Amino acid sequence: MNDQASQPFSRTHCEKPKDCARTARSARRLLGYVFLLAALTFLSGVQPAAIGAASAQPASAPLAGADLAPALALLGTDSYGDTDAALGRLAVSTNTRAADIVEAIRDGRLLFDPQSKAVFLRMPDGAVTDAATGAAVGAPPAGLRPVRVNNRVRRAIDAAAGALALLSPDNQKRLAAAAAVFKSRDVSALPILDAALAKEGDPKVKTALEQARAAIIVASQSVSEPERVSAARLIAARGDQDALAILSSLPPNSPDAVKAAAADGIEAINRSLAMWAVAQNVWYGLSLGSVLLLAAIGLAITFGVMGVINMAHGEMVMLGAYTTYVVQEIIRTSAPFLFGWSLAIALPLAFLFTAIVGIIIERTVIRFLYGRPLETLLATWGISLILQQAVRSVFGPTNKEVGAPSWMSGAFDIGQMSITYNRLWIIVFSLLVFFALLLVLKRTALGLYVRAVTQNRRMAGAMGIRTGRIDALTFGLGSGIAGIAGVALSQIDNVSPNLGQGYIIDSFMVVVFGGVGNLWGTLVAAFGLGVANKLLEPFAGAVLGKILILVLIILFIQKRPRGLFALKGRAVEA
Amino acid sequence: MDSQSQALTQSLLYLDNVSVVFDGFRALNALSLTIEEAEMRAIIGPNGAGKTTMMDVITGKTRPTKGEAVFAGVHDLTKMDEAAIAQLGIGRKFQTPTVFDMHTVEDNLLLALKEDRRAFSNIYWRRTPHEKERIDALLERIRLKDHRLRKAAELSHGQKQWLEIGMLLAQEPRLLLVDEPAAGMTDQETADTADLLRDIAKTQSVVVVEHDMQFVRDLDVKVTVLHEGSVLAEGSLDHVSANERVIEVYLGR
Amino acid sequence: MLELLGRAAKGLGVLAATAALAGTIGTASAQETIKVGILHSLSGTMAISETTLKNVMLMLIEEQNKKGGLLGKKLEAVVVDPASNWPLFAEKARELITKDKVAAVFGCWTSVSRKSVLPVFKELNSILFYPVQYEGEESERNVFYTGAAPNQQAIPAVDYLAKEEKVERWVLAGTDYVYPRTTNKILEAYLKYKGVKPEDIMINYTPFGQSDWQTIVADIKKFGSAGKKTAVVSTINGDANVPFYKELANQGIKATDIPVVAFSVGEEELAGMDTKPLVGHLAAWNYFESIKTPENDAFIKQWQAFMKNPKAVTNDPMEAHYIGFNMWVQAVTKAGTTDPDKVIATLPGTKQPNLTGGVSEMLANHHITKPVYIGEIEENGQFDVVWKTENLIPGEAWSKQLEGSKDLVADWVQLNCGNYDSVKKTCLGSVTK
Amino acid sequence: MRGLGIIDRKGAVFLAIVLGAAVLVPASNLGLAETNPLHVSDYLVPLLGKYVCYALLAVAVDLVWGYCGVLSLGHGAFFALGGYAMGMYLMRQIGPRGVYGNPVLPDFMVFLNYKELPWFWWGFDVFPFALLMVFLVPGALAFLFGWFAFRSRVTGVYLSIITQAMTFALMLAFFRNDMGFGGNNGLTDFKDILGFSISADGTRTALFAASALALAGGYLVCRALVTSKYGKVLVAVRDAESRTRFLGYRVENYKLLCWVVSAMLAGLAGALYVPQVGIINPGEFAPANSIEMVIWVAVGGRGTLVGAALGALIVNAGKTWFTGMLPEAWLFALGALFVLVTLFLPRGVLGLWASLTEGRRKTTAPAPPAMPAAKPAE
């Protein structure tokens, strides 16, 4: 096997636990010095040279006045262990370039030459510079490879960056740093924490720092008991999972007072968490409901209003999702800056595209089948097969990647309950779509005609309404809405030819459960089923939960044979 | 109610203070009505007066919100379903003729004949001569003898009306509810229908809902005028058509 | 174009069948070629994964024909679509063997599809090459398993996490079918044997195509915040992965907090995901496209040329077919015939260089030796190999960890038995006809 | 009953063909040489057997849909339950020949650490009991479901959707390995039935013959029902349900009876299907399958039992043919078939034949009206 082939495994020298342990330990020790040194620099503005002396540990001697060279040397060897170590050194390096280099490693912009082991840094603008000096390199050698990063290295990066950031002028950075320390709970961070606390002005950051400090001292033997007790209280005040984790992982030899305080804290936290859990589940339910609503709402038109048992509905959703994919592809290749807007751009296109497809289907097939709802089931089933296969042969059978714009990723917390942005947006979006549709049907001429035609085709025709065209438009509307639903669903589900199949059954359940022909019914049914499902899931589990819901639907239909919001009185039988 | 109804056994149908409400809308409003054995009664009234709803209540299709509906003094109609009520002997003819289009005229009557209604026993059913006679007689009476083997779907509107009346007779009910039998008929057919109904009324009670004043006049029976779900006036046609309110809300000027 | 030929001939064959159906003459199709059956779903839920395998087989066969075919005859691919419908798999297998008279069949993905065709291959005594990692607990005379057995994927992955990531708390999340069930049972036993406390293991099963992961991911988060380093071992089935990873990303679970190691997520699946949030999560396979060897580079080039798509990715089951097909070619050449019995007898012991620099060998238990790689997901949708086994691991048909099977041995060379009870010294169950 | 009176000309032809096949196919498969042009190959026998089972299933669907106007999108459930009942019998027959050599427990139970047989598996080693269950389990489910649904007058699309919910729920349940039915892998690797090896040609042909006879029998049962006065009432219910009520018929009982009969026939079809395809798994519960069954009936011609059987044959033969002939494009063909049939043959293939012969003699089959079964409330 030539040396190129053996490349990937040259890095596996840290397989023997001994090595790993050592590197890890050294990394932690180094981290300690970082804090210490930084603290000292900060307290007394002495020049770097003095710092080595100030920190008297012998182990730190080689680090004194640490220069980039040794670190860079380690970075050239293309081994995770070395990279880890190098990061430790970089962190303590007082060289102003250290931060840039750490950042470059994280972004994969730090390159090395396998032959000469020389290290280069590609600036964000693409220019390649000498990592050590920052001087631009005219002709970088061929075969440069980025310094590779794995989870272990990533953690080292975070640690180093966090450490440096504790004293950063930027509030957000300090806040993040405090969180990082809270996570690592490294005793050696204490001095710098105190230092930071001393000068901290921002109350938000201050509490974060205090909590970080508490997290450390609550477990440390060297601190007085009352201090540890109050620390325990402070942590308990956070009331979240992390606090729970810290309090429940106290060293067994802690004094009883501390243990007691921790126990109280744990109990209190569990109580509040239990309550939040319910809220969280309701939220999950709502977001599931919004998905159901999106999936069903188009069907509420084509099936609910027009009475077409539209088995191709799911495929309309799928087409919408693929439209999003195509839009994003085009944007990626030709106009990356627009990516944040990709969904906004996809929406109208998806609507138009699927609406047109819907109209074509209506004109060529469905219009011959009015008054024969079951034939529509048969025909649309055939159509759905054709559409699936068509997409399969055009885009291939595999999933397609649809990216999430930044404003749709991530989450924020309300109390102990975390809300993910994409779910939030999807809920909002589904409601917008719903009310827009309601408006169209209730307030516009089209809506009026639609209701006229669906209620009494012949009469409407007699009144000069061009029923054929209205049918086409209505079906188009339903399909179009399915299309924009697809845009939203592409954010949380596979974009594959089978996408639609996954939703068609649920959609029918929702529409029927809500009462055919009643939009409000669809709304209530969607959210009702969603929440019910999510409240059941913790007890029954995902599968049984779903089964229970189905049984519930069956039983409910017994009580109300025409769904949630059935029209009563003579009209029904008419 | 029982003590009361015992007192009323002589009247065949007894509606007392019946109200029906569909989401706020009062289809029937404290309606009271009694029909005697072998009585023919004409019910008239503007659209939405509650005529059809009243029939729905009597035949068990609609449950009254309050009030009593008692048949033959003992049967509480508000507690029975359509099938049970039909088997008691209340037959109903719909506004628009509803016959079984896919069946022959003969089979339509066969299904209506007063026979065992249970599912199982009908699997082993064989036609009896007796049934044949009755069907022949009925065909005779509703003048569809020559159409016996045609699909009901192929009949004319008037013929369907008659077929449905024939099915009503086949049930041998004690009370017939007939909703606008003359609708869409030629004058001749209308007259014939009136004769038929009068003939029926000799033995069975008949309640006829009708708009066609001429037809009602032909029947020449006691008339009840419904308005907004309750009885506005009752009596001979001349009597009610003299009534100011009736003229105001229904007959018009 | 060869495919067209194949279809045309296929068409004739089927026409003949329908003719026979009508009771008229049924003609056996021509014998100048050696036919190879390809039994992968091209429609339905499994098309996502299986279509590529159909294509790779077509490529391999085309390649072999360029080299002059086999035994002086051209190879001819016979493609059918079992449409992700398990009974249809059995029917199509029967069609391939009896009507098309194929010399061997390459196919199946899901365990149930394999289970459904097994009796057919046994009855008609033909050969099936099965290219997907699976739950083990099986060794049939007529089947050759070129995918990973649990000991070639799951256990090394767990070892790696325990060593490199210092994981002490484990979530075993899987789709509720036999592969995850078995794998998790094996892992649970293994972890407990390694001294992991029961309360530090969380097992969770979800239905196929699970698309709403909110609750489960939240549970994992909760489970992970107990102060100990936690990892998720995912045997979640193909389709459900995308929403699963999307939910992970949304709830802000990074690989540095709770790494997820998956056994069913490869380059192909990643191609359908936004990998940025997934960077650092892991997968355990016997092959990664990113591994640099001359064989692999050549294979990738050939594949992308064949697909006329420079972005086309390769993955583990494709390599499995590559190995299996070449082993079959060797065996047939060696035996000088495609007669199943001779080929089955010849295959064990056959050595074939795999694409990652090693040499895989077909073992007596009809499984093969494979290297195990752990890769971390990179932004570009590829895997960065962070660990590999020193040498190739022989596949175990029967898991040592499971009560029912720890004493079973599969050996088709000496014992001629797929499930020999080394304690009772008997070949359990039905010996193949 | 009314003896041969129930068989019309169409039916006679149908029965002749089915019974003929029951005799000739085995004869030619076993009796004639491979080379003989009339030889039915070993590949075709189980395939035809499968089609015949589907035909019986289609007849069952047509009974409730075509004559009673109840559109079931859940008949796959009854089919699968019958199949599982048979599958459980076949599993028990494997005995100690499983890979783990456990004399009692099926393999999947061994590796899921079952200690003993779950109670619902008891007795399935006895064929008569299993056969009883083939009818009883689907029948009981149908009775329970129908009792509630018809009593509370769930009709049209509402009924269709809850039947779909029923089969969907069952599918999810059977996918769970904890259910004790083998989860996704289902039941497979059967060895023999009634002591005969399941892969022996003799057994195969016998199974085919049995299926053909079952189809003929099922057809006769349905025919007897629909030609009786009971059948006339059914059609009346289909066309004007409330009118039938006002005539004093208890519609729910009428529906329930044919619903249960239909479910049992479906169960029988499933039971015959399993040994011939060699596997039963929860996929059979998939709602899509149940929809396809309806489509077979529609293609063949609703409300004519023969048409249903014909449709099942056409669609499935088409599937077999297409999936082999044009593996990449067969869905186009199948989809197109469905669309074209609805557009140009509203009364199905048989309807076409009928309308061709209409000139000479009226078809006795009650042609379906503008299918009122699933009219959404307007």
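This is a predicted model: local features need pLDDT of at least 70, side-chain atom pairs count only at pLDDT 80 or more; totals for chains, interfaces and linings use all residues.
In strand β4 of chain B, the residue that bridges to Ser19(B) is Lys66(B).

One of the bridge pairs is formed by Ser11(B) and Glu36(B), the latter in β2(B). The hairpin made by β1(B) and β2(B) leaves 2 residues between the strands, and Asp23(B) adopts a positive phi near 25° there.

Let me turn to the contact between chain B and chain D. On the chain B side 20 residues take part, and on the chain D side 22 residues. Which elements of chain B give two or more residues to this side? They are the helices α3 (82–88), α4 (105–112) and α5 (119–123) of chain B. The most comes from α3(B), with 4 residues. Sorted by class, the chain B side holds 9 nonpolar, 6 polar and 5 charged residues.

Chain D also meets chain A. Here 44 residues of chain A and 43 residues of chain D are in contact. On the chain A side, at least two residues each are supplied by α16 (373–395), α18 (445–455), α21 (501–514), α23 (542–559) and α24 (570–573) of chain A. Which of these has the largest share? It is α16(A), which contributes 13 residues. The class division of the chain A side is 28 nonpolar, 11 polar and 5 charged.

Chain A contains an open sheet of 4 strands, antiparallel in its pairing and ordered β3-β2-β1-β4. Why is one side of β3(A) and of β4(A) left without a neighbour in the sheet? Both β3 (128–130) and β4 (145–146) of chain A stand at the edges with a single partner strand each, so one side of each has no neighbour in the sheet. Within this sheet, β1(A), residues 110–112, and β2(A), residues 119–122, run antiparallel and share 3 bridges. Phe112(A) has Val119(A) of β2(A) as its bridge partner.

I close with chain C. Its secondary structure consists of 12 helices and 19 strands. How does the radius of gyration of chain C stand against that of a compact globule, and what is its value? A compact globule of 433 residues would have a radius near 22 Å, and chain C has 22 Å, so the two agree. The C-alpha trace of chain C spans about 75 × 55 × 45 Å along its principal axes. Of its 433 residues, 65% count as buried. Taking contacts in chain C between residues at least 6 apart in sequence, 67% join residues at least 24 apart.

Among the strands of chain C, 3 form an open antiparallel sheet in the order β17-β18-β19. The edges are β17 (408–411) and β19 (426–427) of chain C, and each pairs on one side only. Strand β17(C) pairs with β18(C), residues 417–421, in the antiparallel sense over 3 bridges. In that pairing, Leu408(C) is placed opposite Asp421(C) of β18(C).

Notes. Residues are numbered from 1 along each chain as its sequence is written. Chains are lettered from A and ligands numbered from 1 in the order in which they are written. Two residues are in contact if their C-beta atoms, placed from the backbone, lie within 7 Å. Ala, Val, Leu, Ile, Met, Phe, Trp, Tyr, Cys and Pro count as nonpolar, Asp, Glu, Lys and Arg as charged, and the others, Gly among them, as polar. Two strands pair if DSSP finds at least two bridges between them. The radius of gyration is taken over C-alpha atoms; the globule rule is 2.2 Å times the number of residues to the power 0.38. A residue is buried if 20 or more other C-beta atoms lie within 10 Å of its own, exposed if 12 or fewer, and partly exposed in between; C-beta atoms are placed from the backbone.
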